[in-house]
Structures are given as C-alpha cells and as structure tokens.
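Reader: I'd like to go through this one with you, feature by feature. Could you give me the general idea each time, then the case at hand?

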Amino acid sequence: MGDVTTAAAMLRGGPDVWNDAAIGSLAPAAAAVHAARHTAEAEALAAQGLWEQAYTHLRAAVRLHHVAGSATTGPDELDRLRREHAEAREQSRRDSLTASYNRRYLDERLAALLSDLADLGDDTVRTDGICVALADIDHFKQVNDTYGHLLGDRVLQRMVVELDAALPEGAFCARYGGEEFALVLPGRDLAEAVRLCEAARERIARHPWHELHPDLTVTVSIGVAHSDGRPTDVERLIGAADAHLYTAKQSGRNAVAYRDGRTGRVRLAGGAGRRRSIPQPVRTTG
C-alpha cells in the first residue's frame, strides 16, 4: 500500500520527481501502472505539440518500465517506448515554427563543444576552434507591420532553409530568439566561417522573396565570433558575436561583421568593407 501511495504522490508532482531511490522503492506492478500513466500523458502532450513536456514523461516511463521488468512489460512495448522517447527528445530540441534547433539545444550543445575540446575526438575542432554567428533579419518588425504576422512566419521558415543550405558537416542552425538565428560552426577557422556567412547573406538577399509578396525584400546582418581553443564559455562567445552583429547593423545592415585576428579591428566582409565606415565596438573577449 505504501508503494502505491508514494507513487501516486510522485505522479501528482510530475515526471521529474522520479529519482533512482523513488523508482527503486516500487514493486514491479506499481511501476508498470505508473509507467502506463506517464506514457498516456506523454502521448496527449505530443498530440498537442508539447514535445518538451512529452519527453520528460516518456523519460520517466522508460525508467519505470525497467523496474517493471519483463513480467509486466513486453520487449515490443519497451522498444516502442524507446523510439517515442527518442523522437520526443529530438522534437523537444526543435523550434515549433521553423523546425530549426531551439535556444535550449544551442546552449547545451555549444556548452558541450566548448567545455573540453580535447575530448571531442575531432582534430579539426581542436586545431581550428569553433565559430558562432548571429544572424538577424533586417527591419523584421516592418515586415510584420506591413504584411502581417502570417507572412512574417513564412519569412522565418524560409530564412532557416537559406541559412541551412550550405552548412558544412557538424554545423547547425538554431533559432536564438524572435528573428535572430545562431550558426554554430565547429572545426572552422574564422576565415572560412566569414566566407560561409557572407555566402549565406548574399543567398538571402538574392532569394525570390517576391513569391511571398510582390513588394517584399529581405536581408540579414550577421556577426561572427571565433573561439580558437582557449578557454571561453557560451556567454562570452555569443556576446562577441552579438557585438559584431550590432556593428553590422550600425554600418548599414545587410553585412557580415567580424574581428580581424591579425589587426584586432572589426571589419565587414566582402565589398561592404570597402564601401562603409565601421564603428569599433568595445572588445568583449580576451
């Protein structure tokens, strides 16, 4: 009776309360009952597109099924649950509108990449470091105000396609917030990252936005920061990219800004650097 009472109280508290000690205290039959409840809750949440919440319930269900054991859980059912768990985990990392990775995944993955480059097993990452770029849609508020939020949403969706189009293996795009996206480029030196970002900027400027509305044009400004393997953290690297993004905006938008490793000065990529004056931001990284 105590097992059932304890388990019921834990279920009311949500899936995160199922720690190892709590699960280990359950009889197999009680574990199976509560695993089924978590599975049902996860399926209901997934049907609503609430993948992050669904994932936490499925994680609890998988752990509870292990306690329930083969006497109450068939191998096919456990395999199905594991597949759904993996799907929910992946979906919980995705932005619901654009299907790009979300801010949570960006923070977690970038922190892992920066935490210990020596353990990544990738010589190019250890040698060339990691670049992060922040791309912001220019005058996006005007797009929403002029053409409506539904069209604005379609612009965001197409933006992800264009940003993703030529990313090298191991790189990824994540929605940082609103109309701002992050590109993470492990194992790419600054020169290559700037080249990739400038190509993305040009691709976006040439995109047939008139397909969405005859008068629509869209450009992006991008700031690029580089970690060469010296100790740093997510906040500092993102902060440097954001400072360079601000410089690109101040310099007239539709540009890629970065700090020249040789001179220490912020520059604009491509022809923009020859045509525009560039305000020098306060340096945010060592």
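Reader: Let's start with confidence: which element of the protein chain has the lowest mean pLDDT, and which the highest?

Author: Keep in mind that this is a predicted model. As a rule, where pLDDT is low, the predicted coordinates should not be read in detail. Here helix α1 (residues 2–12) has the lowest mean, 44, while α8 has the highest, 97. Across residues 1–13 the pLDDT stays below 50, although the model gives this stretch 15 contacts beyond near neighbours in sequence. For the protein chain, the mean pLDDT is 79, with 65% of the residues at 70 or more.

Reader: On to the sheet. What is the order of its strands?

Author: In general, strands of a sheet pair through backbone hydrogen bonds, either parallel or antiparallel. In this model there's an open sheet of 6 strands, ordered β2-β3-β1-β4-β5-β6, and its pairing is mixed. From one strand to the next, the twist averages 25°. As one example of pairing, β4 and β5 run parallel and are joined by 3 bridges. I222 sits opposite V256 in β5.

Reader: Which strands stand at the edges?

Author: Those are β2 (172–177) and β6 (266–268). Each has a single partner strand, so one side of each has no neighbour in the sheet.

Reader: And which strands does α9 lie across?

Author: α9 lies across β1, β2, β3 and β4, and runs at about 15° to β3.

Reader: Now the nonpolar packing. Which residues have the most contacts inside the largest core?

Author: That core has 34 residues, and the ones with the most contacts inside it are I137, V155, M159, L163 and V224. At least two core residues come from each of β1, α8, α9, β3, α10, β4 and β5. α10 gives the largest share, 7 residues. There's another core apart from this one, with 21 residues, including Y105, V132, Y176 and L245.

Reader: What is I137 in contact with, leaving aside neighbours within four places in sequence?

Author: Its contacts include V155, L156 and M159, along with F181, V220 and K249.

Key. Residues are numbered from 1 along each chain as its sequence is written. This is a predicted model: local features need pLDDT of at least 70, side-chain atom pairs count only at pLDDT 80 or more; totals for chains, interfaces and linings use all residues. Side-chain values use heavy atoms; hydrogens and water are left out. A nonpolar core is a set of buried Ala, Val, Leu, Ile, Met, Phe, Trp, Tyr and Cys residues joined through side-chain atoms within 4.5 Å. Buried means under 20% relative accessible area, exposed over 50%, partly exposed in between (1.4 Å probe, protein chains only). Helices (H or I, at least four residues) and strands (E, at least two) are DSSP runs, numbered from the N terminus. Contact means heavy atoms within 4.5 Å. Two strands pair if DSSP finds at least two bridges between them. Axes are lines fitted to C-alpha atoms, for helices over the stretch in contact, and angles run from 0 to 180 degrees between N-to-C directions. pLDDT is the predictor's confidence in each residue, from 0 to 100.
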